Amino acid sequence: MANQQLRIVVIGAGMAGILAGIKLREAGVDDFVIYEKADRVGGTWRENTYPGLTCDTPSHHYTYTFERNPGWSSFLPPGPEIQAYFEDTCRKYGVEDSIRFNEEIESAEYRDGRWHLQLKSGAQDVADAVIAATGVLHHPSLPDIEGMDSFRGALFHSSRWDHSIPLAGKRIGVIGTGSTGVQIISALAGTAALIEHYVRTPQWIMPVENTPYSEAQRSTFRQDPAALEEAMKTEEYLASVNSYTQVITRENMAAAQFWKDTCLQNLEASVADPELRERLRPDHEPLCKRLIFSPDYYQAIQHPQAALVSESIERIEPEGIRTRDGQLHELDIIVLATGFKPDQFMRPMQITGTNGVTLESLWAQRPKAYLAISMPDFPNFFMLNGPNGPVGNFPLIDIAEHQWHYIDQLLQKLRTAQCSGICASAGALARFEERRIEAAKKTVWFVGGCKSWYLDAEGIPSSWPWDYECFVSEMREPHWSDYELMPAPQREQAAHSAT
Ligand code: N01
């Protein structure tokens, strides 16, 4: 079948956008561009620069499968090393030349069989297909605390860290007990004159050894990629992901007990003061919120210059935080480690599909996409890490690679001119949503009854509610009967670069 040259636009140059660039290049697609609103690649790893930033996926598993990194300094990869890895990989695979930095897409409209894109800079582009790789947890969620504007010191969200402010000798308050807040406390205890952790909901903390890799190990990994793969096998990471998922889907209560016992032992063995221990003890089921992996949080919070504040926040005043018991906690810096809005995806872009259907109307109730990838009325618009994917469950790079394998098969239909447009049918999305919501209501995120970023506005968990095998199997090959194919048009191939 004839191979049709497609013009493809990728949105975002984070982990998933870079992957798309590498894979498009590998497939011989030359006519593509990646629009990136910032001035550098890296997505979440570019935006988050807070002290202690670390990924809790073992470092050797936090790479593309085709580009391992023998040089990680430790078992858990530090944020700056991850950022450097993406920058290096992007350069190595020649993707950087295809990225237009400081270009934000304002709107995308499907008209006359193609996507018409309007950029904030005033430039325009026209594409046969769009790949949205815009990330998930990137729009900061700011708390609604009275008096926040009145604070005289520095106040910022964890993903907008102000590095112009020295930390040594300062009194710092950190609000939030997710992975971010815990990592910041661990990094700053002992550096700051005082670090206070404002904990509304104590979290389960899974112990993890963050062992450094020696120069000898790194050298072995460099010289012998098989040794690296072998070392990865011994980490049994996939088994751990499977066990974790079985707790989420509540298929294996023995696994749930294992995770709970391990976290409990960590608490009992690490925190000496019984009163502090009780204030750190969670009252919800483990994994109901995103589990926290930390080698040193309990040690950090017991540092003489650290304090756990369990009293809830009344308001923020010019001098600091006033808690409900009337106490004023005088502070120089307040960090809002209060998480992200998980329902934004490529918004605030205005996206309009066929027959004037807008993304806002499709997502009026909640963000949704067939298998997290495709939406009816949005032909040739595909998402990496779109809504209802396994974000927070499985390693994100692995997810994106599987999703690319799937998307590539959809693109292949276009490349071989079997159709001019392809998207999931309305029926397929409705059936998928029904199945997904039914499964979501059986997960620990729902049954456990706690509040977390996994839940949508109606309290339904939004992440993939099935196990890893199910995800991998769904990504192997599209069920073509779930797709609508628009007939291939007889149209001229024009040159379509941004103007
Ligand atoms: O955010 P979160 P995060 N007053 O939403 C609290 C990924 N990540 O940035 O639980 C007081 O988890 C809120 O309290 P509560 C990872 O997937 C990964 O930490 O609602 N507190 C909660 O404690 C993670 O799950 C890595 O009672 C308020 C916290 O803020 C996701 O990002 C590293 C409040 C928000 O926790 C998000 O993590 C870092 C208020 N008004 C992050 N409002 C890796 O290692 C909110 N809170 C890969």
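Axes are lines fitted to C-alpha atoms, for helices over the stretch in contact, and angles run from 0 to 180 degrees between N-to-C directions. Helices (H or I, at least four residues) and strands (E, at least two) are DSSP runs, numbered from the N terminus. This is a predicted model, in which local features need pLDDT of at least 70, side-chain atom pairs count only at pLDDT 80 or more, and totals for chains, interfaces and linings use all residues. Residues are numbered from 1 along each chain as its sequence is written, and side-chain values use heavy atoms, with hydrogens and water left out.

**Helix packing**

Helix 1 (residues 15-26) packs with helix 12 (residues 396-415) at an angle of about 45°. Their axes lie 10 Å apart. That angle makes helix 1 oblique to helix 12 (under 35 degrees is roughly parallel, over 145 roughly antiparallel, 65 to 115 roughly perpendicular, the rest oblique). The crossing of the two helices is right-handed (the near helix is turned clockwise from the far one by less than a right angle).

Helix 1 makes the contact (heavy atoms within 4.5 Å) through M15, A16, L19, A20, K23 and L24. Helix 12 supplies L396, I397, A400, E401, W404 and L411. These residues divide into 10 nonpolar, no polar and two charged. Here Ala, Val, Leu, Ile, Met, Phe, Trp, Tyr, Cys and Pro count as nonpolar, Asp, Glu, Lys and Arg as charged, and the others, Gly among them, as polar.

**Salt bridges**

A salt bridge is a side-chain nitrogen of Lys or Arg within 4 Å of a carboxyl oxygen of Asp or Glu. The count comes to 37 salt bridges.

| Pair | Closest N and O atoms |
|---|---|
| R290 and D56 | 2.9 Å |
| E330 and R171 | 3.6 Å |

R290 sits in the loop between helix 9 (274-280) and strand 12 (292-293). D56 sits in the loop between helix 2 (44-47) and helix 3 (79-92). The two are 234 residues apart. D56 is buried, at 18% relative accessible area (buried is under 20%, exposed over 50%, partly exposed in between, with a 1.4 Å probe and protein chains only).

E330 lies in strand 16 (residues 328-330) and R171 in strand 9 (residues 171-175), so their bridge ties together parts 159 residues apart in sequence. E330 is partly exposed at 44%. R171 is partly exposed at 28%.
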